[in-house]
Amino acid sequence: MNRLIYESHDPDLKKIALEDLPGGPEAFELAAKFCYGIAVDLTAGNIPGLRCAAEYLEMTEDLEEGNLIFKTEAFLSYVVLSSWRDSILVLKNCEKLSPWAENLQIVRRCGESIAWKACANPKGIKWAYTGKPTKVSSPKWNDLKDSSPNRSHPVPPDWWFEDVSILRIDHFVRVITAIKVKGMRFELIGASIMHYAAKWLPGMIKDGQGQADDMSISSNNYSSGSSSWKGGLHMIVAGTKDDTRSIQARDQRMIIESLISIIPPQKDSVSCSFLLRLLMMANMLKVAPALVTELEKRVGMQFEQATLADLLIPSYNKSETLYDVDLVQRLLEHFLVQEQTESSSPSSHSFSDKHMYEGTERVNNPNAKMKVARLVDSYLTEVSRDRNLSLTKFQVLAEALPESARTCDDGLYRAIDSYLKAHPTLSEHERKRLCRVMDCQKLSIDACMHAAQNERLPLRVVVQVLFSEQVKISNALANSTLKDPGETQYQPLIMNHKTLLEGTPQSFQEGWSAAKKDINTLKFELESVKAKYLELQNDMENLQRQFDKMSKQKQTSAWTSGWKKLSKLTKMTTFENHDIGPQISTTTEQTRKAPSRWRNSIS
């Protein structure tokens, strides 16, 4: 105080303003009481402000032994840092003391203390903790009830989630970083991040809703603390510099950027649904592109766990389509790149990479591609109703997966049919191009029957569907006629026939049983025809043998000689007929005229 009066150079100075005093008037009052020998009760609520005020007022050991700095440091080291609850409270109260709390290492020491206690064995925990509430509410320490561990109820592994989630985002990042260094399991770290996001980002727990009103923070405590935040953690990747509409939007963008940067790199550390909701909010709040790309890669690592509701992300980039189809296309590309990398070089990871992905690496699982194929087909069916969706985007997304990913194209056929309904003005060439993404041979019998009567499909596609349906029915009939001796040889065909009929409706199966009875009747009649054919064939062979024996005999009978004479006479008569032909014609004409004379004479 004497130094401030001396530096003012004002002999008539009667009032000194300490506007930048950390801790405010409460800390100054406690420091004044300490100077006048009045007993001061140190608590976790006033110790951080009083420690920073003592540093500001230079109450060191050089002036007096046992000064305020010494006493507050002793209380921090021996009382606060040994208590779980006090460490959380002191770190929470440091939010308004930046940068003094940072420079005095109060934030670092409290974060380390919290990290050590969070990594402790839950069986050895004897201190009180808040625990997980039944319903997510605004983060207020006073509203939370303490839970004490006892013998009847074991301490859960996530006992520290609720207490840590009341911290501001920069302090929360400090604690999580310290917990990572101590070797905490990545599943628990990811779960704590999800718990924190659900509390501070209400839009994360409203499936698919991305309105700005839904994502406003309900805690006035946090808003006032964030607006006065002038120091703390500096992010390596900064967001865009565009002015946001409100302080809440700015704070939420900072929370999202911080959470993306501390998500553990291991797969399945957080759920795919959480990543997609975080990605939706990141796109809406215009988070830094580098962090958005990193988040998209994380989604691609576990894309097979996504659901249709998670993928229906609205388009916030002034796109013509209702949903962000380009985003889903990028996620699918990241998934395929990850699959290709794992299948091509499964043993090329270093030791650290193997430790990172231990127990979570996908071992070229074909079911993952099949799940993604079904997911993409469902997504195409949903977005195909959008009339602004171009044919090129639909085709590129449908053809992104390899042919082996789809064992049945029924889902793709539904998407194509839905697109044709929503776009009735497509030309014949465009409809053929659209149907080219579908393999008619992979359609089920039920889908073939529907497609054969679909007037929206091109005629060429309908013909292909009919041919494919005929082949399937022929194969099914051939498989159904197999006998017991060949059952082992043709067992895969029989299994295909059974699986073929599993997805058909009940009416079709009843008609199929009636058709089988008709087939058995026709088989019996065919067997009888075959028997008659064999008998006729034996008779024909006997007659052929007799004819061969008769042809070998060289004796000529009277009948044969007479036959030869008769053939010569026929030849001669034919020649004579040629010569006397004109004469016969004249005589016939005369005979025709004779009766006419006779009839005239009589008359």
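Predicted model: local features only at pLDDT ≥ 70, side-chain atom pairs only at ≥ 80, totals over all residues.

Analyst: There are 7 aromatic pairs here, where a pair means that the rings of Phe, Tyr or Trp (its six-membered ring) have centres within 6.5 Å. By plane angle, under 30 degrees counts as stacked, over 60 as edge-to-face and the rest as tilted. Trp160 and Phe161 make an edge-to-face pair, because their planes sit at 90° with the centres 4.8 Å apart.

Residues are numbered from 1 along each chain as its sequence is written, and side-chain values use heavy atoms, with hydrogens and water left out.

Now for a stacked pair: Phe172 and Tyr196 lie 4.1 Å centre to centre, with 15° between the planes. Phe172 belongs to helix H9 (residues 169-182) and Tyr196 to helix H10 (residues 186-200), so to speak a link between distant parts of the chain, 24 residues apart. Helices here are DSSP runs of H or I with at least four residues, strands are runs of E with at least two, and both are numbered from the N terminus. Phe172 is buried at a relative accessible area of 1%, and Tyr196 is buried at 0%.

H10 itself deserves a look. Its 15 residues reach 21 Å from first C-alpha to last, close to the 21 Å expected, the expected span being 1.5 Å times one less than the number of residues. Since 12 of its 15 residues are buried, H10 is largely enclosed by the rest of the structure. Among those buried residues are Phe186, Leu188, Ile189, His195, Lys199 and Trp200.

Zooming out, the protein chain has 27 helices and 0 strands. Of its 603 residues, 38% count as buried. Residues 24 or more positions apart account for 72% of the chain's contacts with a separation of 6 or more, a contact being heavy atoms within 4.5 Å.

How values were computed
Buried < 20%, exposed > 50% of the residue type's maximum accessible area, 1.4 Å probe, protein only.
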